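Here is a short briefing to read alongside your structure.

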Protein chains: 2
Amino acid sequence: MTTSDALAERLRAHAAQYHSAHPFHVRMNDGTLTPDQIRGWVANRFAYQEAIPVKDAAILSRCPDVAVRRRWIRRITDHDGTAEDGPDSGGIEAWLRLGEACGLTRGEITDHRHVQPGVRFAVDAYVTFARTKPWVEAVASSLTELFAPDLMAERLAAFEKYYTWIDPAGLQYFRNRLFQAPRDSEHALEVVLAHCRTPQEQDAAEAALSFKCDVLWAVMDAIDHAYA
Amino acid sequence: MTTSDALAERLRAHAAQYHSAHPFHVRMNDGTLTPDQIRGWVANRFAYQEAIPVKDAAILSRCPDVAVRRRWIRRITDHDGTAEDGPDSGGIEAWLRLGEACGLTRGEITDHRHVQPGVRFAVDAYVTFARTKPWVEAVASSLTELFAPDLMAERLAAFEKYYTWIDPAGLQYFRNRLFQAPRDSEHALEVVLAHCRTPQEQDAAEAALSFKCDVLWAVMDAIDHAYA
C-alpha cells in the first residue's frame, strides 16, 4: 500500500466519527422528530450554511496554487449563488427555502434568534480554523464531505417518507448536495494526498478531519439539548 | 451635495496620488524605458498581480453580504481564470504571457528572482490590509481602479507605439483591464458609498484609498531604483 493509499484509508475511517451517528440524526432519519425539532435544526444549521462560503474564501485567500483555487472557488458559488444566476441561486438561498417549507419565516432564520451558543461556537471554531491553520489542513477539514452523500440520501428519503408536512420542493438543497459533495470531496482528497507526504503532514490532515467531525457533532449536541 | 456625493468627490480627488504620475510610469508612457527596465517592471509587478485574487478572497471571506460576494467573486475569476475556461484563462496567465512577449521566461517570473524587497513589502502590506481591516475599508482600498482605465489606455498606446519589440498579442492583459477596471470600481464605489455614512467611516474609506495609492507608489519606487 502506498503512503497515499494508507492516508486515504485513515481519513475514510473517520466515517465512524461523522455526525450521521448522532442520536438527533438517528431520530431524524427514523422519522421521529417533531416539527419544532426539525425547525430548530434547520434554523440552527443555517448558521453553519452561512459560514461555508466565508470559510471557503478564507481557504482561497491562503492557497498559493492557482489551479487549486480555480476548482475551490466553485464551492463558494455553489453556496452564494452567482450574479449571473440571480438572487434565487445558491445553497444559502436553498436552505432558506427549506426553512420556509418547514414553516419558519426568512426573518427568524436570518436574524439568528434560534441559534444556540454551542452552534455559534462550533461554527466560529471552524471558520477560525480555516483562517489560521495551514491551508492544506483547512482543505483536509472539509473531508467530512466524503461521508455526506450517504447521510444526504438517507435524509432525503426520510423527509419524503416521514415529514410529509414539508413541501418536497423545499428539499432541493439536499438534492444538490448529492452530486456536489462527491465532486468537492474528490478534489479535496486529491489536494490532501498530493500535499501531505510526511508523517507529520499526514497526522495534521487526520487531526483536521477529526476536528471537523467534532465541529459537526457539537452542532448536533447543542441542537439536541435545545429541542429535547 | 449629499454626503455620498461629497465622499465620492473626496475619493476621486486621490487621482492626483495615483502612480500614473510616478516618474517611472511617465518615462514608460513617453517611450523612453529600455527593454531591461520594461522587463524589470513586468517581473516585479507580477508579485502584485499574483496577490490580487488572494487579497480579493480575503475580502470575500470577511464580507457578510451575499449580494456583495456574488459580484466581488468575479474579480477572483478574472485573475485566476476558471476551471471551465482552462489553464490559459485569467489575468495572472495573461501577465505571464506579457512577460514572455517581453523576453522573460515563465520560470524567472514565477520564481520571483527579480522581485525587489520593496515590492514584496508593499504587496504584503496590501494583502495584510485586506486580511485585517474592516472589509468595507478593504473594498475602499481597491478604488485605485477608478483611476486605472486612463493609465491603461495610455500604456496600451505607448506600448504599441514605442515598444514594438514586444509582440502586441502580449498586451491582452491591458486590454482586458480597460473594461474590467471600470466595472469593478463602479461596484466598489457603490459598496463604499452605501456603507460609509459617518464622518469616521468616510475618513477611514479615504485613508484606505490613500494607503493603496502608497502601496502602488512604493512598488514603482522600488522598481525605479532597481533598474535606474
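The largest share of the lining of the second largest pocket, 6 residues, is supplied by α7(B); helices here are DSSP runs of H or I with at least four residues, numbered from the N terminus. This is a predicted model, in which local features need pLDDT of at least 70, side-chain atom pairs count only at pLDDT 80 or more, and totals for chains, interfaces and linings use all residues. Residues are numbered from 1 along each chain as its sequence is written, chains are lettered from A in the order in which they are written, and side-chain values use heavy atoms, with hydrogens and water left out.

**The second largest pocket**
- About 310 Å³ of space lies in this pocket, the volume being the space filled by probe spheres set on grid points joined across faces, edges and corners.
- A pocket is an open set of points on a 1 Å grid over the protein atoms alone, where a 1.4 Å probe fits, with protein on both sides within 12 Å along at least five of seven lines; lining residues have an atom within 4 Å of a point.
- Its lining has 17 residues, and P64(A), E50(B), A51(B), V54(B) and R120(B) lie nearest the centre.
- Two or more lining residues come from each of α3 (35–62) and α4 of chain A, and α3 (35–62) and α7 (117–132) of chain B.

**The largest pocket**
- The largest pocket has a volume of about 790 Å³.
- Of its 36 lining residues, T77(A), I73(B), R74(B), T77(B) and T82(B) lie nearest its centre.
- In both chains, α4 (66–80) and α10 (172–195) give two or more residues to this lining.

**How the two chains relate**

**A backbone detail to look at**
- H112(A) has a positive phi of about 65° although it is not a glycine, and its place is in the loop between α6 (106–110) and α7 (117–132) of chain A.
- At 28% relative accessibility, H112(A) counts as partly exposed (buried means under 20% relative accessible area, exposed over 50%, partly exposed in between, with a 1.4 Å probe and protein chains only).
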